[in-house]
Amino acid sequence: MGHKKKNRNVGIVGIGETKFSSHREDVNQPEMVHEAVRQAIDDAGIGLEDIDCVIHGNMELFEMIHQPDLWHTLGTGAYGKDAFRLTTGGTTGATLCCAADNLVASGMYDTVLAIGFEKLQEGHTTGGITNMADPLWARKLQSGALTDQAAVKLIFEFGEERAKRAAMTYRIIMDKHACLNPNSHRAFGLDWDQMDDLMKNSPPLIGNLRLIHMCSQSDGACAIIFASEEKAKQISSKPVWVRDHITVHREETLDLCNNYYPNQTTHRFAARELYKRNGIDDPLSYFDVFEMYDPSAWWGVDWLREFFLLEGDAHLKLVENREIMITGKMPVNPSGGVIAANPIGATAMVRVAEAAKQIRGDAGPHQIPRPVNHALASGFGGTMWTVLTILEKELNW
Amino acid sequence: MRKDFDVSDCYVQEGKLALPYSYFAGRVGSTFITTLRDQRRILGVRCNTCGKVFVPPRQTCERCMEDIRNNWVTLSNTGEVVNYTVVNYDDRHLPRKAPFILALIRPDGADTPMVHILEGIEGDKVQPGLKVKAVFSEKTTHTILDIDHFEPVA
């Protein structure tokens, strides 16, 4: 017996994504947000008058702004509607989806518009993010959002050569996917013959984390419309159902001084609990796509083992055998993932949006070339925060 | 309630955040600022659905959700005070030494007011409806402060 919503089901009926870019001087914040909102409304084929509630989020401090949800009303369409703001760090976009799902499932609203955005070029990301550290113990002794924690862990366990090759293989696969996605911020056209050069010559950041491994700093917005089962079926011919989601966080495990986590990660804990209560015994064969919040290639490789509850080197083999490619057994981030575009407040929502598009079959050039019925999407934030969401094509679980 | 907490030997760590930022004005905001700077004209935009003329201008009418970015209207450099307040404290972020007046001023031709500094009148003499005109600053800052302040029409 799977885990089910007690009151009513919730479907995704509209999706909007801006093109992700390093600079959007041509639009201000509400104007950029509006691009995604307009797309989502048009995608759903409804009007703004059909939206009951608008929820909005991004990273605190990143643009040095306060209460953007209020003045962004010019772009969000929240005028005269119930509206509020959510911010949970890197997971913000995923948390917005959880909140929208809960708000509709509860019966509070029939349709909720969730919006995540970021304009990272307007602010100072590291200046903002270092303020999450305890002022007395950690603020003066940290490396911001950059860490080679996963590299240390993978090299310790699997040796330098194999670990470094796996990370670069992952990176090149993500770039190949990014080249298929017209919304990508970064798509270089990397190829396999560049492996050795990139492993040696990409500018080093911290430990074995190099510039090429790391995600971008992007501008962009994402909007998703959630509706009750009854409304969803009226609005959309192909609603994507939100089956379940779980949020797990633990603040003490991510010590930014490069240690690796000796304990179970929040990713593995979240995955195990979520699959258990939904009766999913073999996630690797159950899911048809996984949109992972992968801030760096090192983390991407390492976290595959956690999210799919794998043991030993099974995750490395998935990468080495290129099974995570769009044409492989378990496509991971056909969108190119977070390394291709990272407008942080939108990033985790883009994972859900991209997973939903894959189920609808209209993702565009990066559509997986076989049917997608079951999708998994993750969000990640500091210090160690996981949101994991299951989307379904059919209401038959 | 007890207020005599023992704070002996309790250390307070002083800190300072450095958070530089830019703000991308966008094409609509840029047109407003450059026209103000170069031509000393105040621009609004009209929503053709509800008929409202907005200042400051915006790309979208948030009520009708119409794209109004190209519907430019030149507003008058005169207008009226819709409401106001007197700022009586000093702080670094404030544009003038206290006391000074911040007013909502609706330029003639617009349906909405914008906030600006009102000079040339005492706070207790101001009434909503007071006719005022824009006084432009001599040196540009490429901001809304290219209007230095508003003052009563003589």
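This is a predicted model: local features need pLDDT of at least 70, side-chain atom pairs count only at pLDDT 80 or more; totals for chains, interfaces and linings use all residues.
## Overall build of chain A

Let's start with the fold as a whole. Chain A contains 15 helices and 11 strands. Along its principal axes, the C-alpha atoms fill a box of roughly 55 × 45 × 40 Å. A compact globule of 397 residues would have a radius of gyration near 21 Å, and the 20 Å of chain A agrees with that.

Of the 397 residues in chain A, 57% are buried. If you take the contacts between residues at least 6 apart in sequence, 80% of them join residues at least 24 apart.

## A helix to look at: α7

Helix α7 of chain A covers residues 160-178. How many of its residues are buried? The count is 15 of the 19, so α7(A) is largely enclosed by the rest of the structure.

## Where chain A meets chain B

The contact between the two chains draws 25 residues from chain A and 20 residues from chain B. On the chain A side, α1 (29-44), α3 (73-76) and α5 (125-129) each supply at least two residues. The largest share, three residues, comes from α3(A).

What kinds of residue does chain A bring to this side? They divide into eight nonpolar, 10 polar and seven charged residues.

Conventions
Residues are numbered from 1 along each chain as its sequence is written. Chains are lettered from A and ligands numbered from 1 in the order in which they are written. Helices (H or I, at least four residues) and strands (E, at least two) are DSSP runs, numbered from the N terminus. The radius of gyration is taken over C-alpha atoms; the globule rule is 2.2 Å times the number of residues to the power 0.38. A residue is buried if 20 or more other C-beta atoms lie within 10 Å of its own, exposed if 12 or fewer, and partly exposed in between; C-beta atoms are placed from the backbone. Two residues are in contact if their C-beta atoms, placed from the backbone, lie within 7 Å. The expected span of a helix is 1.5 Å times one less than its number of residues. Ala, Val, Leu, Ile, Met, Phe, Trp, Tyr, Cys and Pro count as nonpolar, Asp, Glu, Lys and Arg as charged, and the others, Gly among them, as polar.
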